[in-house]
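Q: I am new to this structure. Could you walk me through it?

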Amino acid sequence: AGQAACPTSRRRAPWEAIGHGGAPLRGYSPSGRIYTPRAADDSFGSSLAFDQKTLVVGARYDDAAGCGNWGVDAGAVHVFKHDGTNFVHTQQLNGLPGTCLDITRDNLGGSVALDGNTLIAGAPGEGCPNRSNALVYTRPSFSDPFAFSQSFQAPTPGACDWFGAIVDIAGNAFAAIEANGEVHVYGRASATAPFGFEQTLTDPTPTGAAFGSSLDLVNGTVVV
């Protein structure tokens, strides 16, 4: 978005739902396609999360409507709910509340994670000296829309830190990656309480490898 040419990697591409209907793994087959409801070069499908009949799709190069050049590559997160037959687009999330200047090249939707009624969306930023964010959205129940709840930067934020490039959530904890090889962990007391910073994980045996290039968070355990 925001460029004259449209690279192949950013052309419109559908997200394809796969289902197996109780069959063995080899029996999976396409069950439907979902196309971006926005521009064709928004990188729709750059991240995905699914839980409790809710599908969340990141579009990190979406240009914010009404912001002109300030909205270039602001990014967006699309929410789809399954109505028993199809996935229906119900909501578009557009990042931090504020002016157009606040969301320029945020790349919201560069990563997403979903657990029940809590959604985490990374906005790692594309250009220096942007500082990056992880945004928290919550909803009271499946039938309600998501609403912005909190935003986080790295505990010691810096330009070009790519914080939020990878996020994950499990229950009352979520984790986010920072480009310098650190994983920051946040927790909350309950599903309705705010998150707070808990600790930073670093490579116990630094070898120059890209510690934090992927992560998984399950039942209070972080695998990096």
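Q: Which residues touch the most other members in the largest nonpolar core?
A: V77, L119 and Y137 do, out of the 14 residues in that core. A nonpolar core is a set of buried Ala, Val, Leu, Ile, Met, Phe, Trp, Tyr and Cys residues joined through side-chain atoms within 4.5 Å. Buried means under 20% relative accessible area, exposed over 50%, and partly exposed in between (1.4 Å probe, protein chains only).

Q: Which elements give two or more residues to this core?
A: They are β5 (76–82), β7 (111–115), β8 (118–123) and β9 (133–138). The most comes from β8, with 3 residues. Strands (E, at least two residues) and helices (H or I, at least four) are DSSP runs numbered from the N terminus.

Q: Before we go on, what kind of model is this?
A: This is a predicted model, in which local features need pLDDT of at least 70 and side-chain atom pairs count only at pLDDT 80 or more, while totals for chains, interfaces and linings use all residues. Residues are numbered from 1 along each chain as its sequence is written, and side-chain values use heavy atoms, with hydrogens and water left out.

Q: Back to L119: what is it in contact with?
A: Leaving aside neighbours within four places in sequence, L119 is in contact with V56, V77, L93, V112, A113, L114, L135, V136, Y137 and F146. Contact means heavy atoms within 4.5 Å.

Q: And which residues does the second core include?
A: That separate core of 13 residues includes V136, F163, F174 and A176.

Q: Changing topic, what is the phi of K53?
A: K53 has a positive phi of about 65 degrees, although it is not a glycine. K53 lies in the loop between β3 (44–51) and β4 (54–59).

Q: Is K53 buried or exposed?
A: K53 counts as exposed because its relative accessibility is 52%.

Q: What about D73, buried or exposed?
A: D73 counts as buried, because its relative accessibility is 1%. Its place is in the loop between β4 and β5, and its phi, near 55 degrees, is also positive in a residue other than glycine.

Q: What does A165 touch?
A: Not counting residues up to four places away in sequence, A165 touches G110, S111, P124 and I177. A165 and G110 are 55 residues apart in sequence and 6.2 Å apart in space, C-alpha to C-alpha.
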